[in-house]
Amino acid sequence: MTNFLDLSNNSSQTVTFTVDSDAVFENTVDFYAVNDDGSVVDPITGNTIAPGEDGYSEAAIANRLNLDLQTDNGVTSTFTADLAGGEIYAPIIAVNSDFQALEDGDLSNDPPVYFSFVEANSDGFDHVQSDDPNQFNFEDLFDGGDQDFDDLVIGFELEDTGTEPEVEPEPEVEPEPEPEPEVEPEVQPEPEIEPEPEPEVEPEPEIEPEVEPEPEIEPEPEPEVEPEPDIEPEPETPDPTAGPVGEDSGNEIRVGIFAPTSSSDDLLDSVEGEISSENAEFIFSGSFSGFVDEEDSAGTVEYTIDISGVSEDRGNIIFDFDETTNPVTLPGVDFFGNIFTDFTNTIPAFENVTIDSSASNLGIDSSAISFSEDTIEVNFAGVSFDSNSILELDIEFADI
């Protein structure tokens, strides 16, 4: 199916959009006008830019319709808009944010955006599918994530408003008139008329007008303007939460869940999420439940991971299993756990990772923890959990 809304052969339409979401992120979708090859016209330079060329994303966002289609998870919302005929409109999604964050001049809060043209996407993945000619399905995770394409679903219906697209009329061409035959008129001689003598007119005497002198106008004195007092700028308040993870809001880390079945030591594909933070902290929810055989366990493993920067050279990762139901023991395979990756190479190198024994009660030791400059691996294979289980890791970063 075609991943755009084609009104090139239509008159103006009233479009009713229905928006559904099954995602953790609060995403926003808009549309922008394109040519039939997906290219856009830069409103500043007037140049045509193809998908994948420099400046395409900025030109597309500048041409958007400001529809801002969004909804809450599990809620269906409806929007209505009048769209001009004779145009092609392509969708664009801002992940876990809105388009105002891309227009405020602050690069630190810019969200990822994905287009219906693969060449324009930073990860080279097709984030928009259309199995129905009146519907767009969006995947909001980097590299496709779980590829369920139900993170945001946009349906639409068209209603003709009766306004035809503007077509410039062809200029009317007037036929050239046929020349009339030339007829030579008969010329009769004019009678001679003697001119009458002009009467003599005495010239009137010149009278010079009296000019009264203009009164002198004294200029009004300019009012005195008191100088404005100097205002000292208020000192900036330092951010107490700034640390290696949070001091640069462009820092990103990927959390992967590697979970084999109990009958195999082969690792399955990881389920990954891309998370960016500007406040030195983010929380990621995970589950091992779908990878534990029912005959091995009567419960589920549900947990949250809280990653924080606590100082300039230290941070921590806290695993909290308070949502786990019934005691659960994971299979004793080679690896069953989480891998944290600095996939943008913006976080200082991991220099040391240790277990905080004063805050942890999970039955694992340092042999379950391994790390390199860019990754941290935590192996829960063979470990037992209940809702009181907790694990806290202390992280030391290399000097910047």
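Phe-136 has a relative accessibility of 2% and therefore counts as buried, a term that denotes under 20% relative accessible area, with exposed meaning over 50% and partly exposed in between (1.4 Å probe, protein chains only). The structure is a predicted model, in which local features need pLDDT of at least 70 and side-chain atom pairs count only at pLDDT 80 or more, whereas totals for chains, interfaces and linings use all residues. Residues are numbered from 1 along each chain as its sequence is written, and side-chain values use heavy atoms, with hydrogens and water left out.

**Aromatic pairs**

Ten aromatic pairs are found in the whole structure; rings of Phe, Tyr and Trp (its six-membered ring) pair if their centres lie within 6.5 Å, and planes under 30 degrees apart count as stacked, over 60 as edge-to-face and the rest as tilted. The ring centres of Phe-136 and Phe-156 are 5.7 Å apart and the planes are at 25°, so this pair is stacked. Because Phe-136 lies in strand β10 and Phe-156 in strand β11, the pair ties together parts 20 residues apart in sequence. Phe-156 is also buried, because its relative accessibility is 6%. Phe-17, Phe-31, Phe-136 and Phe-156 form one aromatic cluster.

**The sheet**

Strands are DSSP runs (E, at least two residues), numbered from the N terminus, and two of them pair if DSSP finds at least two bridges between them. Five strands form an open sheet in the order β6-β2-β11-β10-β9, with antiparallel pairing. Its edge strands, β6 (77–83) and β9 (128–129), each pair on one side only.

| Strand pair | Bridges | Opposite residues |
|---|---|---|
| β10 (residues 135–138) and β11 (residues 152–160) | four | Phe-136 and Ile-154 |
| β2 and β11 | eight | Thr-18 and Gly-155 |

In a regular strand the side chains alternate between the two faces of the sheet.

**Asp-30**

Asp-30 is found in strand β3 (residues 28–34). With 0% relative accessibility, Asp-30 counts as buried. The side chain of Asp-30 makes a polar contact with the side chain of Arg-64 at 2.6 Å; such a contact is a pair of N or O atoms within 3.5 Å, and within protein one must be able to donate a hydrogen and the other to accept it, while residues adjacent in sequence count only if both atoms are side-chain atoms. The Asp-30 side chain also reaches the backbone nitrogen of Leu-67 at 3.1 Å. Leaving aside neighbours within four places in sequence, residues in contact with Asp-30 include Asn-66, Ala-90, Ile-92 and Phe-99, where contact means heavy atoms within 4.5 Å.
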